Amino acid sequence: MTVDEIAAPTPVHYENPEIPRDEVRPGQVVDLRFGHGPLPATNKKIFYFDIDNCLYPRSTRIHDLMQEKIHTYFKKLLDLDDKCAHELHMNYYKKYGLALEGLVRNHDVDALAYNSAVDDAIELKGVLHYNEELRNMLLDMKQHFDYFWLVTNAYRNHALRVISFLGLGDIFDGLTFCDYSQNPIICKPMPQYFLSFLKTTHVDVDNASVMAHQWFVDDSEINVKAAAKIGFGHVVHYVEDPATYARLQKEPEYRGENRIILIDNILDLGQLVSKVA
Ligand SMILES: [Mg+2]
């Protein structure tokens, strides 16, 4: 496919209604110039970023807030007690990578109603803060790449809210989100999801020398292992928990030449890139 034949992408512009206009700081208005793709060029060097628990730490407890909302949703919807709701939630999460996927497949849940009750209902203001240090590091890092692309298992609105609060909304070129309106839902760590965003960003997954230049960072073990299998040249796993970090260091995927690289602070990414890229 030539560049001329690639459909023009629609840019995404998002002004977070939760941030008063006179308090807006750089990056809090989201501008993704290539929106949800496609990119207008092929086989460029791209850094793909996960968002949740990756561009902000797990210690914000947003993950816990989300888990509570999902738990309540399981309980109410399926009329379960706490124990059964927890077991089913965990079962679906492990099996599909996303609790919602299990609800849609097995219980005919309306995914967008779920999204309103869970992701969009999470109180982010006051929890996520403007992160100038991360912003500066990413801006500096970007000189080594053609594009920065977001890839999330969340739905669109949650992704935009998060990067807006963090002040990163003008750094990324585009976003691939998990389309909850599709059935079945395709999300990380499914290979189809990876293949889909690589296609959107026009990276030829079958070309090893092109894949060798691609970077991917995520906080999820199953996601980074999937990315490594797909063939990303640089896979970075952000792990805050020291015990998990120590356990993973010993695993075969985290050793040797093409290993998954562990970091315990997202701000270490800049140094890592400047050493390698
Ligand atoms: Mg994550």
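In the predicted model, the buried residues of helix α6 pack against a set of elements that comprises the strands β1 (12–15), β2 (29–32), β4 (147–151) and β5 (174–176) together with helix α5 (132–141). The buried positions of α6 are His 158, Ala 159, Leu 160, Arg 161, Val 162, Ile 163, Ser 164, Phe 165 and Leu 166. Because nine of the 11 residues of α6 are buried, this helix is largely enclosed by the rest of the structure. α6 is followed by Gly 167, a residue whose phi is positive, near 80°.

The largest nonpolar core contains 72 residues, and the members that touch the most other members are Phe 49, Ile 51, Leu 55, Ala 159, Ile 163, Leu 166 and Phe 172. Helix α6 (residues 156–166) gives the most to this core, contributing six residues. The core draws at least three residues from each of the two domains, namely domain 1 (10–56 + 129–276) and domain 2 (62–121). Leu 166, one of the core members named above, touches Leu 55, Tyr 56, Leu 128, Tyr 130, Asn 131 and Leu 134 when residues up to four places away in sequence are not counted.

Ile 51, also among those core members, is placed in the loop between β3 (46–49) and α1 (62–78). Ile 51 counts as buried because it has 24 C-beta neighbours inside 10 Å. With residues up to four places away in sequence left out, the contacts of Ile 51 are with Leu 150, Thr 152, Ala 154, Ala 159, Val 162 and Ile 163, and of these Ala 159, Val 162 and Ile 163 belong to the buried residues of α6. Ile 51 and Val 151 are 100 residues apart in sequence, yet their C-alpha atoms are 7.2 Å apart in space.

Asn 43 is partly exposed, since 17 other C-beta atoms lie within 10 Å.

Two cis peptide bonds can be described in the model. One runs from Gly 37 to Pro 38, with omega near 0°, and Pro 38 is found in the loop between β2 and β3. Another joins Lys 188 and Pro 189, with omega about 5°, and Pro 189 is placed in the loop between β5 and α7 (191–200).

With regard to the overall organisation, the domain assignment of the protein gives domain 1 (10–56 + 129–276) and domain 2 (62–121). The centres of domain 1 and domain 2, taken over C-alpha atoms, are separated by 24 Å. The contact between them takes 17 residues from domain 1 and 13 residues from domain 2, and the side of domain 1 that touches domain 2 divides by class into nine nonpolar, six polar and two charged residues.

A pair of helices, α2 (residues 82–96) and α3 (residues 99–107), have axes that come within 7 Å and cross at roughly 100°. On the α2 side the contact is formed by His 89, Tyr 92, Tyr 93, Lys 95 and Tyr 96, which meet Ala 99, Glu 101, Gly 102 and Leu 103 in α3. By class, the residues of this contact divide into five nonpolar, two polar and two charged.

Towards the end of this account, Tyr 254 may be considered, which is found in the loop between α10 (242–249) and β8 (261–263). Tyr 254 is partly exposed, as 19 other C-beta atoms lie within 10 Å. Its contacts, not counting residues up to four places away in sequence, are with Leu 248, Gln 249, Arg 259, Ile 260 and Leu 262. Tyr 254 and Ser 274 are 20 residues apart in sequence, and the distance between their C-alpha atoms is 20 Å.

Note on methods:
Residues are numbered from 1 along each chain as its sequence is written. This is a predicted model: local features need pLDDT of at least 70, side-chain atom pairs count only at pLDDT 80 or more; totals for chains, interfaces and linings use all residues. Axes are lines fitted to C-alpha atoms, for helices over the stretch in contact, and angles run from 0 to 180 degrees between N-to-C directions. Helices (H or I, at least four residues) and strands (E, at least two) are DSSP runs, numbered from the N terminus. Two residues are in contact if their C-beta atoms, placed from the backbone, lie within 7 Å. Ala, Val, Leu, Ile, Met, Phe, Trp, Tyr, Cys and Pro count as nonpolar, Asp, Glu, Lys and Arg as charged, and the others, Gly among them, as polar. A nonpolar core is a set of buried Ala, Val, Leu, Ile, Met, Phe, Trp, Tyr and Cys residues joined through C-beta atoms within 7 Å. A residue is buried if 20 or more other C-beta atoms lie within 10 Å of its own, exposed if 12 or fewer, and partly exposed in between; C-beta atoms are placed from the backbone. Domain bounds come from an automatic or database domain assignment.
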